[in-house]
Amino acid sequence: MRNFDSLSEREILALAISLEEEDERVYADFAEGLRQDFPASAAVFDGMRAEESGHRQRLMDLYREKFGDHIPLIRRHDVKGCINRRPVWLIRPLGLDTVRNQASAIEVETRRFYEKAAARARDVSVRKLLDDLAQEERTHQDRAEALGKEKLHADVKRQEDEANRRLFVLQIVQPGLAGLMDGSVSTLAPVFAAAFATRNSRDAFVVGLAASIGAGISMGFAEALSDDGSLTGRGHPWVRGGVCGLMTALGGVGHTLPFLIPDFSIAMTAAILVVLLELAVISWVRHRYMETPALSAALQVGLGGLLVFITGVLIGSS
């Protein structure tokens, strides 16, 4: 790798051309990734891609004028100090917040590059172009906002925000809720069966921990292998599986942890209170994100939890 300070003006221009080409393709990938669910935002990034294409063309014109037609291939990973970006094709599904954050980081990095490059340039025309591009990158965010105002009218913005919310529910909330319900409800029976059968906090804790971790692994794989998300739009299977498995394990561990208390009566009371809190959280999530009426959500979750709890108590006491 080369230090940036060791680059000649010819090499700086070649690197700038390479960076602009990369940014242009990144914005094109953003636009393509958003086009199906967020067409208006995709149009914004189409406009930003066109701007980066214009920057690259101006750099190439000046390079040909100064150094000829051959442009050496210098990439960011050849120069120390350049930030390696995560490939866009690895970021699936693309979310609006993810894209906007990465686009903002690109603008800041590119502006700093041009400012530093202009400070080292000795040729007047080279310095002027680099200064101009630094200024344009400084106002790039303003131009992006202007494109957004032009393309994203109030109704369109609301529609895209609603689409973003639906994707969040589909890809994160649903698998997380399924895991939390399974972990909180299905592990009630083995945990409280062990507790009433042994009257020993440690035994109940061991059984609950094993049931929670086992259920988390099982639910995680089941969710990940259910579909790859390519047709359903449910997102990356291993992300869904990870969310579902983690929430399953947490749901079971929640009412297992109180059995770390040596006194069995106190541990049992604390565990029951935790169960009530877990069921209340599940009911709130169903009401908040799944648009289930609050009373209906509470009755459904409470009835299911009560039946499983009674099952565990009856088996453990028999």
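Select Phe 4 and Phe 113: both are buried, where buried means under 20% relative accessible area, exposed over 50%, and partly exposed in between (1.4 Å probe, protein chains only). Before you go further, keep in mind that this is a predicted model, in which local features need pLDDT of at least 70, side-chain atom pairs count only at pLDDT 80 or more, and totals for chains, interfaces and linings use all residues. Residues are numbered from 1 along each chain as its sequence is written, and side-chain values use heavy atoms, with hydrogens and water left out.

Now look at how those two rings sit. Rings of Phe, Tyr and Trp (its six-membered ring) pair if their centres lie within 6.5 Å, with planes under 30 degrees apart counted as stacked, over 60 as edge-to-face and the rest as tilted. That rule gives seven aromatic pairs. For Phe 4 and Phe 113 the centres are 5.8 Å apart and the planes are at 70°, so this pair is edge-to-face. The two come from distant parts of the chain, 109 residues apart: Phe 4 is in the segment before α1 (9-34), and Phe 113 is in helix α3 (residues 96-120). Helices here are DSSP runs (H or I, at least four residues; strands would be E, at least two), numbered from the N terminus.

Then show Arg 120: its charged end sits over the ring of Phe 4, 5.9 Å from the ring centre. The rule for that is NZ of Lys or CZ of Arg within 6 Å of the ring centre and within 35 degrees of the ring normal.

## Zoom out, then into the core

Switch to cartoon. You'll see 11 helices and zero strands. Of the 318 residues, 43% are buried.

Which residues touch the most other members of the largest nonpolar core? Select Leu 59, Phe 113, Tyr 114 and Leu 130, out of 26 residues in that core. A core is a set of buried Ala, Val, Leu, Ile, Met, Phe, Trp, Tyr and Cys residues joined through side-chain atoms within 4.5 Å. Helices α1, α2 (39-67), α3 and α4 (124-138) each supply at least two of its residues, and α1 gives the most, with seven.

## Along helix α1

Stay on α1 and pick Tyr 27 and Phe 30, which are three residues apart, about one turn of the helix. Tyr 27 counts as buried at 0% relative accessibility, and Phe 30 is buried too, at 1%.

Next, colour the charged side chains. A salt bridge here is a side-chain nitrogen of Lys or Arg within 4 Å of a carboxyl oxygen of Asp or Glu, and the count comes to 13. Start with Arg 76 and Glu 22, whose side chains meet at 3.0 Å, N to O. Arg 76 lies in the loop between α2 and α3 and Glu 22 in helix α1, so the pair ties together parts that are 54 residues apart in sequence. Is Arg 76 buried or exposed? At 6% relative accessibility, Arg 76 counts as buried, whereas Glu 22 is partly exposed at 25%.

Then select Glu 24 and Arg 49, a salt bridge at 3.8 Å, N to O. Glu 24 is in helix α1 and Arg 49 in helix α2, so this one ties together parts 25 residues apart in sequence. Glu 24 is buried, at 13%, while Arg 49 is partly exposed, at 29%.

Jump to Arg 199, in the loop between α7 (188-198) and α8. Arg 199 has a positive phi of about 55° although it is not a glycine. Most residues other than glycine have a negative phi. Arg 199 is also exposed, with a relative accessible area of 52%.

## Last stops

Show the surface and select Leu 209, Ile 213, Ile 217, Phe 221, Leu 225 and Trp 238, which make a nonpolar patch of about 630 Å². Patches take residues with over 30% relative accessible area and no salt bridge, joining like charges within 9 Å and nonpolar side chains (Val, Leu, Ile, Met, Phe, Trp, Tyr) within 5 Å; areas come from the Shrake-Rupley method with a 1.4 Å probe, and for residues only the protein chains shown count as cover. Helix α8 (residues 201-226) brings the largest share, five residues.

Finish on Gly 312 in helix α11 (residues 294-317), which counts as buried at 0% relative accessibility. Its C-alpha atom is separated by 8.1 Å from that of Ala 194, 118 residues apart along the chain.
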